[in-house]
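This briefing is intended for a reader who has the sequence and the model at hand. Please consult the structure shown here before reading the grouped points below.

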Amino acid sequence: DGSSDDEAKWEEQQIKKAVKLSQEICDDAFVRKYEPAKPKFDTSVSLPPVNLEIVKKRLTERITSLQDVHRAHQREYEKYMEDIESSKMSVQELEKSSEAALNYKFYRAMETYVENLINCLNEKLKDINELEWAVHALLQQRALRVSKRRQEELKNESAYVQHLTSGNDKPTKSRLEGDEKTQILEMCEHRRTCRRQAREQSGEGDHHEGLSSDEELTPTEVDEFQKSKDNVLEDSRKIFEDVHADFCDIRKILLKFQEWKEKFPDSYCDAYISFCLPKLLNPLIRVQLISWNPLEQNFTELEEMPWFRAIEEFSDAENVSESKRDDDHDKEVLPRVIEKTILPKITAFVKSVWDPLSTSQTKNLVQLCNNIFGRQILSKNESSRAREDLMNTVVLRMKKSVEEDVFIPLYPKSTVEDKSSLHSKFQERRFWSAVKLLSNVVLWDGIIQEDKVRDLGLNKLLNRYLLLNILNTPLGLDNIEKCNKVVACLPERWFQDLKGGSTLPELLNFSQHLLQCARVLHKDNHSDEIKEVLLLLVKIGALHIVEGFMEEHELEHLKPMIR
């Protein structure tokens with residue numbers, strides 16, 4: 001019984017173990033099903049022996065192999081870099097040899113340069129305008145001061161002499177002391193005395209009171225004017241001090257465009273550079289002209305200025321390029337600069353600064369215009385607007401001077417018979433001042449139209465003022481001298497093409513006066529004076545009058561004079 005119980009327990013334990021084992025087998029099978037199979041190590045294969053030397057040898061071989069590969073890659077890299085450098089050099093060579101690339105590079109550089117130049121000049125234009133106006137205002141104020149003083153002195157002196165003529169009692173000097181007008185007259189007489197002494201020291205003869213230009217300023221006025229002018233000129237020298245020479249030196253600027261013309265003449269012409277340069281250079285030229293005054297003695301001629309020489313060299317440069325065009329418009333750059341820049345400046349001087357009564361100013365102005373017009377510096381275009389404006393301004397300014405500055409009083413003969421009297425001196429000064437204006441007007445002959453010069457000089461001056469005084473001057477040497485001075489002012493070419501033995505229509509009254517003089521002189525048996533008067537008639541072309549007079553008075557011996 002006991003053994004049977006033990007067997008039953010043993011069987012039960014074995015059954016439990018079998019169940020448990022079967023469950024573990026199932027679990028292992030499930031895991032193996034989803035796990036990769038591990039290689040089985042074949043124990044029958046024998047492996048070589050492994051030691052440190054073998055490992056070291058294999059590592060060394062591996063490093064050597066990698067180094068060989070690296071060196072091969074390095075050689076490939078160097079080859080690629082050489083190819084890149086070679087390609088860059090080829091690109092550069094192709095760019096240099098490519099005409100299109102060269103053109104593009106030049107035009108881009110030129111475009112940038114012109115843009116910077118225009119921006120620079122636009123930036124400086126305001127300062128240039130202000131300084132130019134400042135200098136012109138100084139000159140205009142000085143001219144107005146002289147003109148106003150002359151008008152005041154003429155008015156006061158005329159009133160003073162008229163007072164002496166109409167008053168019963170002559171005012172004494174003591175009664176006029178402290179009077180402002182008398183002080184003005186004394187200052188005027190003092191300037192005349194100084195000029196007279198200067199003429200005597202220089203040995204100048206044949207001078208009449210009234211022929212001098214009473215335009216002297218006091219030392220204080222001269223110092224103030226010069227100081228103000230120097231300040232403006234000092235500022236003008238600083239305008240381009242912060243600008244590179246390539247953008248303010250006219251010569252260097254023109255060299256840039258000269259290079260363009262030599263390299264690409266066709267595009268240079270297509271861009272109308274010759275027409276643009278005068279306007280482009282205008283501000284730079286005006287800076288150089290700020291101190292220029294053509295009315296002053298020894299003024300700088302245009303041909304001597306740096307801008308003139310630079311443009312002249314540019315215009316005269318030989319065209320070495322091969323262009324399809326035969327015309328060279330650069331020859332017109334200088335004339336256009338004269339027309340667009342110089343003539344307007346001269347016109348401003350004529351309008352506001354020029355004094356037609358000043359012989360020195362008039363001669364300088366006429367000389368300048370002759371240089372511009374006579375030497376063909378100006379453009380060939382005869383209908384130049386700037387030239388017409390200048391000529392019209394000159395005529396208007398002379399008309400104004402005739403109306404405002406000419407005054408020849410008429411006094412009773414009894415008051416002017418004494419040449420030392422105030423009446424006679426004042427009248428003579430006014431007459432010779434008008435003669436001086438006549439000579440200055442006639443200086444413009446050949447520049448201004450002849451009919452306008454003759455209208456101003458003969459109709460408005462001679463017939464309206466001078467002849468009236470001559471007719472009221474007693475016949476004699478003084479009268480002949482006045483007539484001689486008038487004829488000496490007139491250009492000879494006015495009488496070269498006269499036909500029919502008649503003088504100019506404007507001189508008919510003057511010719512009749514000379515004929516009357518000759519008759520009076522013949523009556524008084526003044527043969528030398530008669531010959532002098534007849535010569536005056538011959539000079540003005542009044543041959544019929546001379547021939548008739550000689551036939552009337554049987555002066556056949558004087559006929560060779562006519563021929």
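## Overview

The protein comprises 21 helices and 0 strands, where helices (H or I, at least four residues) and strands (E, at least two) are DSSP runs numbered from the N terminus. This is a predicted model, in which local features need pLDDT of at least 70 and side-chain atom pairs count only at pLDDT 80 or more, whereas totals for chains, interfaces and linings use all residues. Residues are numbered from 1 along each chain as its sequence is written, and side-chain values use heavy atoms, with hydrogens and water left out.

**Confidence**

- The mean pLDDT (the predictor's confidence in each residue, from 0 to 100) of the protein is 84, and 81% of the residues reach 70 or more.
- Confidence is highest in helix H9, at a mean of 95, and lowest in helix H4 (residues 173-176), at 44.
- Residues 168-178 have a pLDDT below 50, and this stretch has 10 contacts in the model beyond near neighbours in sequence; a contact means heavy atoms within 4.5 Å.
- Where pLDDT is low, the predicted coordinates should not be read in detail.

**Burial and contact range**

- Of the 563 residues in the protein, 39% are buried; buried means under 20% relative accessible area, exposed over 50%, and partly exposed in between, with a 1.4 Å probe and protein chains only.
- Among contacts between residues at least 6 apart in sequence, 75% join residues at least 24 apart.

**Salt bridges**

- The model contains 24 salt bridges, each defined as a side-chain nitrogen of Lys or Arg within 4 Å of a carboxyl oxygen of Asp or Glu.
- Arg-150 and Asp-355 form a salt bridge with an N to O distance of 2.5 Å. This pair links distant parts of the chain, 205 residues apart: Arg-150 is in helix H3 (residues 99-166), and Asp-355 is in the loop between helix H11 (333-352) and helix H12 (359-374). Arg-150 is buried at 14% relative accessibility, and Asp-355 is buried at 9%.
- Glu-157 and Arg-429 form a salt bridge whose closest N and O atoms are 2.1 Å apart. Here helix H3, which holds Glu-157, is linked to helix H15 (residues 422-442), which holds Arg-429, across 272 residues. Glu-157 has a relative accessible area of 11% and is buried; Arg-429, at 12%, also counts as buried.
- Glu-428 and Lys-482 meet in a salt bridge at 3.0 Å, N to O. Glu-428 lies in helix H15 and Lys-482 in helix H17 (residues 477-489), so the pair ties together parts 54 residues apart in sequence. Both Glu-428 and Lys-482 are buried.

**Helix packing**

- The axes of helix H7 (residues 250-263) and helix H9 (residues 273-288) come within 11 Å and cross at roughly 170°; axes are lines fitted to C-alpha atoms over the stretch in contact, and angles run from 0 to 180 degrees between N-to-C directions. H7 and H9 are therefore roughly antiparallel, the term for angles over 145 degrees.
- Residues in this contact include Phe-257 and Trp-260 of H7 and Leu-277 and Leu-281 of H9.
- By class, the contact of H7 with H9 has 11 nonpolar, 1 polar and no charged residues; Ala, Val, Leu, Ile, Met, Phe, Trp, Tyr, Cys and Pro count as nonpolar, Asp, Glu, Lys and Arg as charged, and the others, Gly among them, as polar.
- Helix H10 (residues 306-316) packs against H11 at an angle of about 145°, with the axes 9 Å apart. Among the residues of this contact are Trp-307 and Phe-314 of H10 and Val-337 and Ile-342 of H11. The contact of H10 with H11 has 9 nonpolar, 1 polar and no charged residues.

How values were computed
Angles under 35 degrees count as roughly parallel, over 145 as roughly antiparallel, 65 to 115 as roughly perpendicular and the rest as oblique.
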